[in-house]
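Please read these notes with the sequence and the model side by side. They are numbered so that each point can be checked in turn.

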Amino acid sequence: MLCTRLTNARFLTMDPRHPVAHDLGIWRGRIVGVDEAVTSLPARRFVDLGGATVLPGFIDSHVHLAWAGLKAGTPSVAPCERIEDILAVVDAAARRPAPAGAWVEVAGYDQRALGRHLTAAELDRVSHGRKVFLMHDSGHACVVNTAVLELLPDGTPHEDGFLAESAMTAARRLRLPYSQEELADAIEKAARACLDEGVTACAEAGIGGGLLGHSPVELGAYQLLRDRGRLPLRVQLMASGDTLRPRAAHPDDGFPRALDLGLRTGFGDDWLSLGALKIYTDGGMMARTAALTSPYEGTAGDTGRFQDEPERIAALIVDGHLAGWQLAVHAIGDRAADLALDALERAQRLRPRPDARHRVEHAGLIRPDQLPRFAALGVSAVVQPNFLRCFGDDYATVMGEGRADWMYRGRGFLDHGVELVGSSDRPVADGSPLRAIQFMVERLSLSGRSIGPDEAVTVDEALRAYTVAGARACRWEDAAGALAAGKRADLVVLGDDPHRVAPSRIGDIQVLATYVDGRDARAGT
């Protein structure tokens, strides 16, 4: 007997053996089959979906749940466009009652509307004797006041309180770690926002260290949620690259560095698992720190920066590969992509692993000559289409006419046989997969500007990026990404079919329900 049979719907299964169905059977959180395989079976519960469209649950392959949840509860200066308005928000936040030594943390900072960065001296005027930390919306920079600067290690580079990349990491390390209870609450809040947008599984892009780690025991917050039955969707965790340490393992193991106990990609269960090792190479376009081969337009030769010495980054990539990890290498600029591809090529020469499934996270600016290298190495491109939808006007301007069409590619990757994987990087940009899918098809920013129109993909190809390709990138293809017998009963119920509406309306399609493990995770049934 089935636990549930869903009927009267248009199931877009993403399974080429049975692309469209009208009935789907579920037993103990798994799909039994579709149509004739289940229509004659008895079921404890029948759900008439009223002609809705059903897809496999969306997979967001690059998110920051803890940051998203914490940011939602942090005072924000967005969308302030004047220095005075930002300082007023900081002043109000600094006046709030707080435990002794507590930092003033403010979110939503973005210098682009201001024309320049705030300074430490300006923050000093409204800090009321407290340490102030303004997080840049990109996650790659911050502005702090003098009280924080005085605590930084000697030689930490900054520009009047503006700290980028590794310098920002040094400032974050001064703050005491968040508690697991705080992190658990934040993660749950962000995860429920994902459910509202049809996301049933995601990959948390870096815990325990790096730019965005919140605690050296951050994984415990996710375990806490799972143990209490409060983890509402499936989460794969990426360990930050700097959590690897030299280990005196047996020489035959070939592990120069490893996580404690030798943990690596694949450890865990259907709800919580350890995924790729996250390694940063460069910064981001919003903060103007993505590493480019040619300067940003309108600058005096600024080509961005690497997170560390290139040789050290490359060595970490190679060591992670040798230790058996799947790698998720953050590379936004084309110069950073060169570094990543060179290191991955070297790693595969040293120890060939044909199914390593290494990933380049963002792949924000990829030259035509780099596309065949992605394909030859079997590296997937984990892109964030909503970056260009939200910030594309600015990004196209700073890249210039000659490079704007190379940003966050779609068609170029697919035509070269590169796996194209969709993600959001929430909370940096809009987290909605449907709005991202709309951009992938239209290639239009919010203002209507066309950005790389030749990189547009079909609706099917865009849906695949958030289902089948997402499952493969996270090594979940045996259990997720399609509505087929034996796979998890994780699915999203939509008010319309993305194929049957105008492309400009895809992002507005209503998410009616989100099923995880065969139950509507939003309704609790």
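1. The structure contains zero disulfides, a disulfide being a pair of cysteine sulfur atoms within 2.5 Å. In general terms, a disulfide is a covalent bond between the sulfur atoms of two cysteines. For Cys-80, the closest cysteine sulfur belongs to Cys-142 and lies 18 Å away, which is too far for a bond. Cys-474 is in no disulfide either, and its nearest cysteine sulfur, in Cys-202, is 8.7 Å away.

2. This is a predicted model, in which local features need pLDDT of at least 70 and side-chain atom pairs count only at pLDDT 80 or more, while totals for chains, interfaces and linings use all residues. Residues are numbered from 1 along each chain as its sequence is written, and side-chain values use heavy atoms, with hydrogens and water left out.

3. Is Cys-474 buried or exposed? Cys-474 has a relative accessible area of 1% and is therefore buried (buried means under 20% relative accessible area, exposed over 50%, partly exposed in between, with a 1.4 Å probe and protein chains only).

4. Ala-43 also counts as buried, at 13% relative accessibility. Ala-43 is placed in strand β5, residues 43-56 (helices, H or I of at least four residues, and strands, E of at least two, are DSSP runs numbered from the N terminus). Leaving aside neighbours within four places in sequence, Ala-43 is in contact with Met-1, Leu-2, Thr-4 and Arg-5, where contact means heavy atoms within 4.5 Å. Thr-4 is 39 residues from Ala-43 in sequence, yet their C-alpha atoms are 5.7 Å apart.

5. An open sheet is formed by four strands in the order β7-β8-β9-β10, with mixed pairing (two strands pair if DSSP finds at least two bridges between them). β7 (104-109) and β10 (162-164) are at the edges with a single partner strand each, so one side of each has no neighbour in the sheet. β7 and β8 (residues 132-136) run parallel and are joined by four bridges; Val-106 has Leu-134 in β8 as its bridge partner.

6. Helix α1 (residues 65-72) packs with helix α6 (residues 180-196) at about 95°, their axes 7 Å apart (axes are lines fitted to C-alpha atoms, for helices over the stretch in contact, and angles run from 0 to 180 degrees between N-to-C directions). Residues of α1 that meet α6 include Leu-65 and Leu-70.
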